[in-house]
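Subject: Structure for you to look at

Hello,

Here is the structure I said I would pass on. My notes on it follow below.

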Amino acid sequence: MKKSTIIWIAVAAVVVLLGLWMMKGYNSMVVEQENVENAWGQVQTQYQGRSELVPQLVATTQGLVKGEDKVLTDVMEARAKATSINIDASNLTEENFAQFQQAQGELTQALSRLMAVREAYPELKLDAQFNKLSDQLEGITNRVTAARREFNECARVYNTLIRRFPNNIVAGLFGFTKRPYFEADEEAQKAPKVEFNFD
């Protein structure tokens with residue numbers, strides 16, 4: 001065999017091996033990206049469930065208490081803001097994600113203030129419909145927390161994969177970008193300030 005033929009065979013083998021390596025890396029990134037997008041869908045589903053519960057909770061509260069219009073208005077305004085921010089899984093930029101998380105955090109805070117109102121109104125504590133909705137809200141809140149945790153784990157696996165060398169080369173070539181994480185909401189760590197209006 002001629003020396004030039006051996007060189008061409010060696011070059012072809014390297015190109016094939018490089019192509020197989022790139023294909024393997026690309027396919028792994030696609031799988032992990034799909035996991036992130038699926039987890040994001042679960043997060044949105046849980047937040048949507050919470051959002052759908054809010055009007056019922058506000059209406060029930062409104063029928064049982066007087067003088068808490070500001071708390072109820074704040075909840076509905078926070079809900080409107082939270083539902084107005086929709087992010088497609090393929091567009092999870094740091095900026096979009098921060099806006100989404102902030103709006104959801106504001107709704108969480110408004111709902112915390114609403115739940116705190118029941119301490120001043122025995123009729124709320126005794127109302128079966130309000131208690132049922134409160135229990136549903138608690139369940140949804142737990143599912144939101146679980147969905148966020150799952151999203152963060154999927155994002156961590158994906159982000160680690162695309163940042164490792166030499167995968168970062170393939171990620172750069174094909175446009176795989178880092179996904180943001182949910183972080184603990186500093187406002188959620190504080191007890192809500194509630195002022196009761198006994199008019």
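Beyond its neighbours within four places in sequence, Phe 97 is in contact with Trp 40, Ile 87, Leu 92, Phe 151, Pro 180, Tyr 181 and Phe 182. Please keep in mind throughout that this is a predicted model. Phe 97 sits in helix 3, and it is counted as buried because its relative accessible area is 2%. Its C-alpha atom is 9.6 Å from that of Ile 85, a residue 12 places away along the chain.

Aromatic rings

Phe 97 also belongs to a cluster linked by ring pairs, together with Trp 40, Tyr 47, Phe 100, Phe 151 and Phe 182. In total, the model has 10 aromatic pairs. One of them is Tyr 47 with Phe 100: the ring centres are 5.5 Å apart and the planes stand at 75°, so this pair is edge-to-face. It joins distant parts of the chain, with Tyr 47 in helix 1 (residues 3–64) and Phe 100 in helix 3 (residues 94–117), 53 residues apart. Both Tyr 47 and Phe 100 are buried.

Phe 151 and Phe 182 make another edge-to-face pair, at 5.6 Å from centre to centre and with 75° between the planes. Here too the pair links distant parts of the chain: Phe 151 is in helix 5 (residues 128–163), Phe 182 is in the segment after helix 6 (167–174), and 31 residues separate them. Phe 151 is buried, at 0% relative accessible area. Phe 182 has 6% relative accessibility and therefore counts as buried as well.

The nonpolar core

Phe 151 and Phe 182 come up again in the largest nonpolar core, which has 48 residues; they are among those with the most contacts inside it, along with Trp 40, Leu 57, Leu 111 and Leu 114. Helix 1, helix 2 (69–84), helix 3, helix 5 and helix 6 each give two or more residues to this core. Helix 5 supplies the largest share, 12 residues. As a general point, nonpolar side chains in soluble globular proteins tend to be buried together.

For Leu 57, the contacts beyond four places in sequence are Leu 111, Leu 114, Met 115, Phe 130, Leu 133, Ser 134 and Leu 137.

A buried polar residue

Gln 46 is in helix 1. Its relative accessible area is 17%, so it counts as buried. The Gln 46 side chain makes a polar contact of 3.3 Å with the side chain of Arg 143.

Helix 6

Which residues of helix 6 are buried? They are Asn 167, Val 170 and Ala 171. These residues cover an arc of only 100° around the axis, which means they lie on the same side of helix 6. On the other side of helix 6, Gly 172 and Leu 173 are exposed. The cover over the buried residues of helix 6 includes helix 1 and helix 5. Just after helix 6, Gly 175 has a positive phi of about 75°.

Salt bridges

How many salt bridges are there? The count is five. One of them joins the side chains of Glu 106 and Lys 81, at 3.1 Å from N to O. It links distant parts of the chain, Glu 106 being in helix 3 and Lys 81 in helix 2, 25 residues apart. Glu 106 is partly exposed, at 29% relative accessible area, and Lys 81 is partly exposed at 36%.

Lys 178 and Glu 94 also meet in a salt bridge, at 4.0 Å from N to O. Lys 178 lies in the segment after helix 6 and Glu 94 in helix 3, so this pair ties together parts that are 84 residues apart in sequence. Lys 178 is partly exposed, with a relative accessible area of 42%.

A further salt bridge is that of Glu 153 with Arg 156, whose closest N and O atoms are 2.6 Å apart. Glu 153 is partly exposed at 35% relative accessibility, as is Arg 156 at 39% relative accessible area.

Regards

Conventions:
Residues numbered from 1 in each chain as written. Predicted model: local features only at pLDDT ≥ 70, side-chain atom pairs only at ≥ 80, totals over all residues. Heavy atoms only, no water. Phe/Tyr/Trp six-rings, centres within 6.5 Å; stacked < 30°, edge-to-face > 60°. Helix = DSSP H or I, 4+ residues; strand = E, 2+ residues; numbered from the N terminus. Buried < 20%, exposed > 50% of the residue type's maximum accessible area, 1.4 Å probe, protein only. Arc of directions from axis to C-beta. Contact = heavy atoms within 4.5 Å. Core = buried A, V, L, I, M, F, W, Y, C linked by side-chain atoms within 4.5 Å. Polar contact = N/O pair within 3.5 Å; in protein donor to acceptor, adjacent residues only side chain to side chain.
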